[in-house]
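Good morning, and thank you for coming. Please keep the model in view while I speak.

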Amino acid sequence: EESCYADPRFELLLVCRKVVANRKQADALWDSYSKYLNHRFHLKVGPIDPWLRLESVHSLLGFCMQGMGLLEGGRNPWEEKSDLLNKIHREMQRLQYDLGWSKDEAAEIDSSHDLRSA
């Protein structure tokens, strides 16, 4: 959430991702705000998809860190491990099917950033 101070698109992204009810509403809000920023500040916002992909990857990393207990307290006490794994699965599905991130793209990113060789 602190990233909103760096770039207004992060705040808009959070609203589009966490508050509005569906993708159609998110697209409408993004389009309206994009026009405002362009008119008022001559800022080109660009399409929403790369930002939604970024947020999905951020969510996945947070879920993985929860599973490893790296977020000061780990998972929510009422959440079972299977719940967390289901969240990860849903986020992966959203990234692949709703946002068009193919398995080939994910494999390409994985192979270009191989941490085992570092």
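The buried residues of helix α1 pack against α2 (23-41), α3 and α4 (81-98). Helices here are DSSP runs of H or I with at least four residues, numbered from the N terminus. Helix α1 covers residues 8-18, and its buried residues are Arg9, Leu12, Leu13, Leu14, Cys16 and Arg17. Buried means under 20% relative accessible area, exposed means over 50%, and partly exposed lies in between, with a 1.4 Å probe and protein chains only.

Before I continue, a word on the source. This is a predicted model, in which local features need pLDDT of at least 70 and side-chain atom pairs count only at pLDDT 80 or more, while totals for chains, interfaces and linings use all residues. Residues are numbered from 1 along each chain as its sequence is written, and side-chain values use heavy atoms, with hydrogens and water left out.

Let us take the pair α1 and α2. How many degrees lie between α1 and α2 where they pack? The angle is about 160 degrees, and the axes are 10 Å apart. The axes are lines fitted to C-alpha atoms, for helices over the stretch in contact, and the angles run from 0 to 180 degrees between N-to-C directions. Helix α1 is therefore roughly antiparallel to α2. That term applies to angles over 145 degrees; under 35 counts as roughly parallel, 65 to 115 as roughly perpendicular, and the rest as oblique. The crossing of α1 past α2 is right-handed. A crossing is right-handed if the near helix is turned clockwise from the far one by less than a right angle, and left-handed if anticlockwise.

On the α1 side, Pro8, Arg9, Leu12, Leu13, Val15 and Cys16 meet Ala26, Leu29, Trp30, Tyr33 and Leu37 of α2. By class, this contact of α1 with α2 has 10 nonpolar, no polar and 1 charged residues. Contact means heavy atoms within 4.5 Å. For the classes, Ala, Val, Leu, Ile, Met, Phe, Trp, Tyr, Cys and Pro count as nonpolar, Asp, Glu, Lys and Arg as charged, and the others, Gly among them, as polar.

The second pair is α3 and α4. These helices pack at an angle of about 160 degrees, with their axes 10 Å apart, which means that α3 is roughly antiparallel to α4. Here, α3 passes α4 in a left-handed crossing. The contact of α3 with α4 has 7 nonpolar, 4 polar and 4 charged residues. Among the α3 residues that meet α4 are Arg53, Ser56, Val57 and Phe63, and the α4 residues include Leu84, Ile88, Glu91 and Leu95.

Please look at serine 56 in particular. It lies in helix α3, residues 49-67. Is serine 56 buried or exposed? Serine 56 is buried, with a relative accessible area of 0%. Leaving aside residues up to four places away in sequence, serine 56 touches Arg17, Glu91, Arg94, Leu95 and Leu99.

I turn now to the charged side chains. A search of the whole structure finds 4 salt bridges, a salt bridge being a side-chain nitrogen of Lys or Arg within 4 Å of a carboxyl oxygen of Asp or Glu. In one of them, the side chains of arginine 23 and aspartate 27 meet at 2.8 Å, N to O. Both residues lie in helix α2, 4 residues apart, about one turn of the helix. In general, an α-helix has 3.6 residues a turn, so residues three or four places apart point the same way. Arginine 23 also forms a salt bridge with aspartate 49, the closest N and O atoms being 2.9 Å apart. Because arginine 23 lies in α2 and aspartate 49 in α3, this pair ties together parts that are 26 residues apart in sequence. Arginine 23 is partly exposed at 31%, and aspartate 49 is partly exposed at 29%.

Another salt bridge joins the side chains of aspartate 31 and lysine 35, at 3.2 Å, N to O. Aspartate 31 is partly exposed, at 39% relative accessibility, whereas lysine 35 is exposed, at 54%. Salt bridges that share partners join Arg23, Asp27 and Asp49 into one network.

Finally, consider histidine 42, in the loop between α2 and α3. Its phi is near 55 degrees, a positive value in a residue other than glycine. Most residues other than glycine have a negative phi. Histidine 42 is exposed, with a relative accessible area of 66%.

Technical notes
Helix = DSSP H or I, 4+ residues; strand = E, 2+ residues; numbered from the N terminus.
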